[in-house]
Amino acid sequence: MSGFDELPETRRRGLERMEQVYGFTMSDADGDFFRYTADHLFADIWNRPGLSDRDRRLLLIGVLTATGAADVLGIQVPAGHANGELSDTELREIVIFLSHYAGWQNGARLNTVVEDTVAKAARRAESGE
């Protein structure tokens, strides 16, 4: 039983998928932008067969890096790391690879997000969280 059981099926499925992808608790919201995000992007697109979550995450990290979207990288990189989709080594290799295709400045922004993610995870592991 989820906290979304009272919602229509599509919205429930979308919010549950958002929580799974992002790794944090979601709540329902109003507005067309949120409706398209929850009901279409997450209830439908993120649930399509053919690509794993890791595949989708890798593609998304590439697009976000190329467009300089460090704010969204700050959500996707930690979520992929926390979900076990991408290891410290893999994240660092992604930085090197994408820096050559997406530009050094965009790669540097990704590197900042990656190193922050790795450091925070190490601190959590040391403290036993």
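Modeller: Happy to. Of the contacts (heavy atoms within 4.5 Å) in the chain with a separation of 6 or more, 50% are between residues 24 or more positions apart. This is a predicted model, where local features need pLDDT of at least 70 and side-chain atom pairs count only at pLDDT 80 or more, while totals for chains, interfaces and linings use all residues. Residues are numbered from 1 along each chain as its sequence is written, and side-chain values use heavy atoms, with hydrogens and water left out.

Biologist: Thanks! What does the secondary structure of the chain come to?

Modeller: Six helices and zero strands. Both kinds are DSSP runs numbered from the N terminus: helices are H or I with at least four residues, strands are E with at least two.

Biologist: And how much of the chain is buried?

Modeller: Buried residues make up 36% of the 129 residues. Buried means under 20% relative accessible area, exposed means over 50%, and partly exposed is in between, using a 1.4 Å probe and protein chains only.

Biologist: Which residues have the most contacts inside the largest nonpolar core?

Modeller: They are I61, L73, V77, L91, I94, L110 and V114, in a core of 14 residues. A nonpolar core here is a set of buried Ala, Val, Leu, Ile, Met, Phe, Trp, Tyr and Cys residues joined through side-chain atoms within 4.5 Å. The elements giving two or more residues to this core are α3 (53–66), α4 (70–82), α5 (88–102) and α6 (104–127).

Biologist: What does I94 touch?

Modeller: Apart from neighbours within four places in sequence, I94 is in contact with L58, I61, L86 and L110. There's also a second, separate core of eleven residues, with L7, V21, Y22 and W46 among them.

Biologist: Switching topic, how many aromatic pairs are there?

Modeller: Four. Rings of Phe, Tyr and Trp (its six-membered ring) pair if their centres lie within 6.5 Å; planes under 30 degrees apart count as stacked, over 60 as edge-to-face and the rest as tilted. Y22 and F24 are a stacked pair, at 5.5 Å centre to centre and 10 degrees between the planes.

Biologist: Is Y22 buried or exposed?

Modeller: Buried, at 18% relative accessible area, whereas F24 is partly exposed at 41%. Y22 and F24 form one aromatic cluster with F42 and W46.

Biologist: Last one: what lies over the face of Y36?

Modeller: That's R35, at 4.3 Å from the ring centre. A charge sits over a ring if NZ of Lys or CZ of Arg is within 6 Å of the ring centre and within 35 degrees of the ring normal.
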